[in-house]
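Hi there,

Here is the structure I promised to send over. Have a look at it first, and then read on for what turned up.

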Amino acid sequence: MEEAETFVVVSSGSEEEEVEVVPLAERLKRKVEAEREVDFEPFQPSDGGAGGDSSGPLAPGSKGPLEDLLYGDVPCGNQDGMRRAERPSLCTVPASQSDTSDRSSRLLVNGASPEKFPPPKKPKYSQEEREAICQAAQQKRKEREARRRQQEQEKERKRALAKMLKAQRPGECQKYITVVLDEVLLQVDGGGQVLSALQAANYSSVVENQAVPCSITWRRKTVSSQVGEGDEWTEEPNVLVLHGLEEFLSMVRNYKEEAQGFTEGQSETLQSYVAHVMDKMPGKILALAVVGIENYFRVQSKKRPQQAAASGNQEQEQQKLRKRKVKDSGLEITRMDVEEALVDLQLNKQVQVTFFESWEELGEFAAMFTKAVAEAPFKRERAKTGFSFYLEKSWCGGVKVDPSGKGLLEVWKRQIQQFNRVSLEMAEAIVSAYPSPQLLTQAYSRYSSEQEWENMLTNIPVHRGEGVTATSRRVGPEVSRRIYLQMTSHDPDIYLDFTG
């Protein structure tokens, strides 16, 4: 037999009543048993007080067995003794709350909570629809993963590109350069000073055997802009080769003898040496360095007067020296001979030779050379512009003028230089004579004729170069006339080159 369930029912009053809900089968079974007991038991009237009268098998107001079966024998509070439970308020709800009471009664009888309703049923799909939904979900998931991977790759690419650009900036690029010195260079007197100068400048350096003795090369740690590629070391195209003084003078002497026809290319000259180096290191940019050449010239200048006075005949002495084969070949070399050999080398091989008085200077030069090699990629990228005809940071660039007026003189010079066939030196000469447009206009007002106005700037001297290559010329009447028309004409369409 199923166990009866008890529910607490709250009525409109303040009291709570407990009701035992009995299943229908149990109630019917109890009803049949109760009827059988009524049929077989004789009627026993109750004493009911002094009179003992009774009006029937059931007294008025008393409950019969049917009502007990319907509502159950639920014990209540003891009021005037033990008695049957009264009818629950579930059957006496007002008419205004009948719908709610009926719905609550049904929920209570079914054993469900009145606050919770059964969840809605999910729609049923066919096998094809379920497969289509799964495929669509997988496709969306794949697209999200692809977008996420693409975003991560883009971030990695930008990060690698920023790292590569940072590695090229001045101040950072020196960290990615390594100086490679030949072993023979450190065995030469003063070679250690070159290494010390590089280390003092915080440059990384290694000592290795090079293809050319006494040479210095450079390696760069290349930071790739592609994601997943590692850093690589690349060889820079520059090569600095140190020449001994005696070896260099011997090559100059051989060039001089070959130029004068004494030899036929049997001895090594500067050109043949450079060609030999280029064969060993193709594609390299070669630079030569010589230490002590100036000291050699100073010593030779002191020896020559003594040799001339001892011999008494300078011309005969020079002929003897030309024929003499001595180890110190510098006795036959003059400064002019060295200059001729250097000019021939630069014109034919595009190689320059730098002279140093001491090894300390060579060490400082090696450090500056290393800095130039490190900053070369950054400067090349900065020199690239969007237009081939645009000259960045040249004379046609802008000029910054301070609130105090500093920079106006440069602006005035740039305005003069904008005229056709006016060089920088000519513009500087005119600006030095008339430092502002107002002064030039005032100077025009001191003359009265057209010819004087046009020729006022004609005789201003223009100087070019310095020293023995210095030249001098005048502004000329054509430039003077065009500047006059520009400063005084009121015609905006005037053509300055063909007027008058």
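E410 and R414 form a salt bridge, with their closest N and O atoms 3.1 Å apart. This is a predicted model, by the way. Both residues sit in helix α13, which spans residues 408-417, and they are four residues apart, about one turn of the helix. E410 is partly exposed at 27% relative accessibility, whereas R414, at 18%, counts as buried, because the cut-off for buried is under 20%. The pair also belongs to a network of salt bridges that links E410, K413, R414 and E428.

Helix α4 (residues 127-168) has something for you too. In this helix R148 and E152 are four residues apart, about one turn, and their side chains meet in a salt bridge of 2.9 Å, N to O. R148 is partly exposed with a relative accessible area of 38%, and E152 is partly exposed at 41%.

Also in helix α4 are E156 and R159, three residues apart. Their side chains meet in a salt bridge at 2.8 Å, N to O. Here E156 is partly exposed at 37% relative accessibility, and R159 is partly exposed at 48%.

Now for the overall picture. The structure holds 18 salt bridges, and the protein chain has 17 helices and eleven strands. Of its 500 residues, 27% are buried. The accessible surface comes to about 35000 Å², with 51% of it belonging to carbon and sulfur atoms. Among contacts with a separation of 6 or more, 61% are between residues 24 or more positions apart.

Enjoy exploring it!

Best wishes

Definitions and conventions. Residues are numbered from 1 along each chain as its sequence is written. This is a predicted model: local features need pLDDT of at least 70, side-chain atom pairs count only at pLDDT 80 or more; totals for chains, interfaces and linings use all residues. Side-chain values use heavy atoms; hydrogens and water are left out. Helices (H or I, at least four residues) and strands (E, at least two) are DSSP runs, numbered from the N terminus. Buried means under 20% relative accessible area, exposed over 50%, partly exposed in between (1.4 Å probe, protein chains only). Contact means heavy atoms within 4.5 Å. Accessible areas come from the Shrake-Rupley method with a 1.4 Å probe; for residues, only the protein chains shown count as cover. A salt bridge is a side-chain nitrogen of Lys or Arg within 4 Å of a carboxyl oxygen of Asp or Glu.
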